[in-house]
Amino acid sequence: MSETAIITGITGQDGAYLAELLLGKGYTVYGTYRRTSSVNFWRMQELGIENNPNLHLVEFDLTDLSTTIRLVQKSKPDEIYNLAAQSFVGVSFEQPITTGEITGLGAVNLLESIRIINPGIRFYQASTSEMFGQVQTIPQNEQTRFYPRSPYGVAKLYAHWMTVNYREAYNIFGTSGILFNHESPLRGIEFVTRKITDAAAKMHLGMLDVLELGNLDAKRDWGYAPEYVEGMWRMLQADEPGTFVLATGRNQSVRDFVTMALKAVHIDLAWEGEGQKEKGIDRATGKTVVAVNPRFYRPAEVEQLIGDAGLAREVLGWEAHTSLEDMCRMMVEADIRRNRNGYCY
Ligand code: NDP
Ligand code: GDR
């Protein structure tokens, strides 16, 4: 008999890829979206899944317990993937309470619904390397001490521990995937990799002169999103619930990623200056094409993250495969195509 899954946050990057994966495996998928003044289904449209007969799109807000209970009652899921969140770290400093309500407490609405309706439902919580924040050891794994550095990281840590607590207290199959950054052509444009690949595409097409960024020294362990949603699914097929890190084990700076993306459109960068005065110069023209704008700095920064996914490899047989260079090229190509066609999401 076919499985049924709820994916909260299907309009986001991971939600769209996970829906594609589960539909391909024959699942019936209930994907939740928020009512907004204009629809936000472009990712599902790009993947060609929005009209799949096994996909049911349900209007939903994670902060509303009664909607959550009704969704779980009606859809009778075998698995729930909680991907919905206010997921932008920068915004969480400006909206700490909303972030806490959605990203932290929202997860508990789902856990309570499971506890009340059917404790046999398997639950995936989208935890994050941002919980490591000011890193205590290198690389980070499931044993590393947490030290979140943003309201987002703190809210995610609450949801993580609630998942662990419901596992221990009520024997619920609650699994927490501590995923390091993962990107793709479907990444939201406010996140740094996509902001950079979209800018590279626009420069290539003569639509942009200068890209402004914040902290160029920040280092991230960037993987490829479709591989990470496969890891989420594997976590819920495991014999036991648990906590698993997914990461590539390699990190690069924001500066490295800009250099890579501009190289993909044949702009060879030279870096000059330091800190907020640093600039990226196009060697061919001598013009400044990358500048630092303090507006994009955060009140507290996570300087570097690099993960050790050894447990996921051992228990789930999961590994990251796509190189950062290949992913960057894919993202730049997608953004050139979109900008050429006159839309950029
Ligand atoms: P996105 O920001 O692309 O997607 C977030 C989703 O949550 C969107 O569908 C959004 O809807 C939805 N959402 C936001 N608020 C609510 C709400 N109140 N009720 C219901 N839905 C809501 O995130 P990603 O796909 O990149 O990430 C998926 C999850 O994984 C998130 O929880 C994120 O925090 C976490 N994560 C992501 C990592 C990454 O590198 N991508 C790494 C580690 C964890 P709308 O479209 O309407 O805004
Ligand atoms: P992050 O991703 O905070 O790691 O959270 P983001 O791409 O926003 O930032 C990565 C690093 O780049 C620096 N940076 C900039 N960031 C943005 N967005 N815009 C800029 O102009 C800019 N300049 C420099 C940031 O300071 C930061 O150090 C992502 C989200 O997907 C979370 O939901 C997820 O949990 C984590 O990844 C893992």
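Let's start with the exposed side of helix H11, where Glu325, Asp326 and Arg337 are found. Please keep in mind that we are looking at a predicted model. On the buried side of H11 we have Leu324, Met327, Cys328, Met331, Val332, Ala334 and Asp335. They cover an arc of only 165° around the axis, so they sit on the same side of the helix.

What do those buried residues pack against? Their partners are strand S7 (182-183), helix H7 (192-204), strand S10 (223-224), strand S12 (252-253) and helix H9 (254-264).

Just after H11 comes Gly342, with a positive phi of about 90°.

Let's move on to H9, one of the partners of H11. The buried residues of H9 are Phe257, Val258, Thr259, Met260, Ala261 and Leu262. Among the elements that cover them are H7, S12 and H11, together with strand S13 (269-272), strand S14 (279-282) and strand S15 (288-292).

After H9 we meet His266, in the loop between H9 and S13. Is His266 buried or exposed? There are 8 other C-beta atoms within 10 Å, and 12 or fewer counts as exposed, so His266 is exposed. Its phi is near 65°, a positive value in a residue other than glycine. Here is a handy rule: most residues other than glycine have a negative phi, and most peptide bonds are trans.

Lys76 is another residue to look at, with a positive phi of about 45° although it is not a glycine. You'll find Lys76 in the loop between helix H3 (65-75) and strand S4 (79-82). Lys76 counts as partly exposed because it has 13 C-beta neighbours inside 10 Å.

As for peptide bonds, a cis one joins Ile138 and Pro139, with omega about -10°. Pro139 lies in the loop between strand S5 and helix H6 (151-170).

Now let's zoom out to the domains. The protein chain is divided into domain 1 (4-184 + 222-250 + 304-322) and domain 2 (192-217 + 253-299 + 329-340). How far apart are the C-alpha centres of domain 1 and domain 2? They lie 30 Å apart. The contact takes five residues from domain 1 and five residues from domain 2. On the domain 1 side, helix H4 (residues 89-94) gives the most, with three residues. By class, that side has three nonpolar, one polar and one charged residues.

Finally, the ligands. Ligand 1 has 27 residues around it, and Gly9, Gly12, Ala84, Ala85 and Ala126 come nearest. Helix H1 (13-24) and strand S5 (122-128) are the elements that give two or more residues to this shell, and H1 gives the most, with three residues. The shell around ligand 1 divides into eight nonpolar, 16 polar and three charged residues.

Around ligand 2 there are 22 residues, of which Ser87, Thr128, Val192, Gly214 and Ala218 come nearest. Here the elements giving two or more residues are H4 and H7. This shell has nine nonpolar, seven polar and six charged residues. Which domains does the shell around ligand 2 draw on? At least three residues come from each of domain 1 and domain 2.

How values were computed
Residues are numbered from 1 along each chain as its sequence is written. Chains are lettered from A and ligands numbered from 1 in the order in which they are written. This is a predicted model: local features need pLDDT of at least 70, side-chain atom pairs count only at pLDDT 80 or more; totals for chains, interfaces and linings use all residues. A residue is near a molecule or strand if its C-beta atom, placed from the backbone, lies within 6 Å of it. Helices (H or I, at least four residues) and strands (E, at least two) are DSSP runs, numbered from the N terminus. Ala, Val, Leu, Ile, Met, Phe, Trp, Tyr, Cys and Pro count as nonpolar, Asp, Glu, Lys and Arg as charged, and the others, Gly among them, as polar. Domain bounds come from an automatic or database domain assignment. Two residues are in contact if their C-beta atoms, placed from the backbone, lie within 7 Å. A residue is buried if 20 or more other C-beta atoms lie within 10 Å of its own, exposed if 12 or fewer, and partly exposed in between; C-beta atoms are placed from the backbone. The arc is that of the directions from the helix axis to the C-beta atoms.
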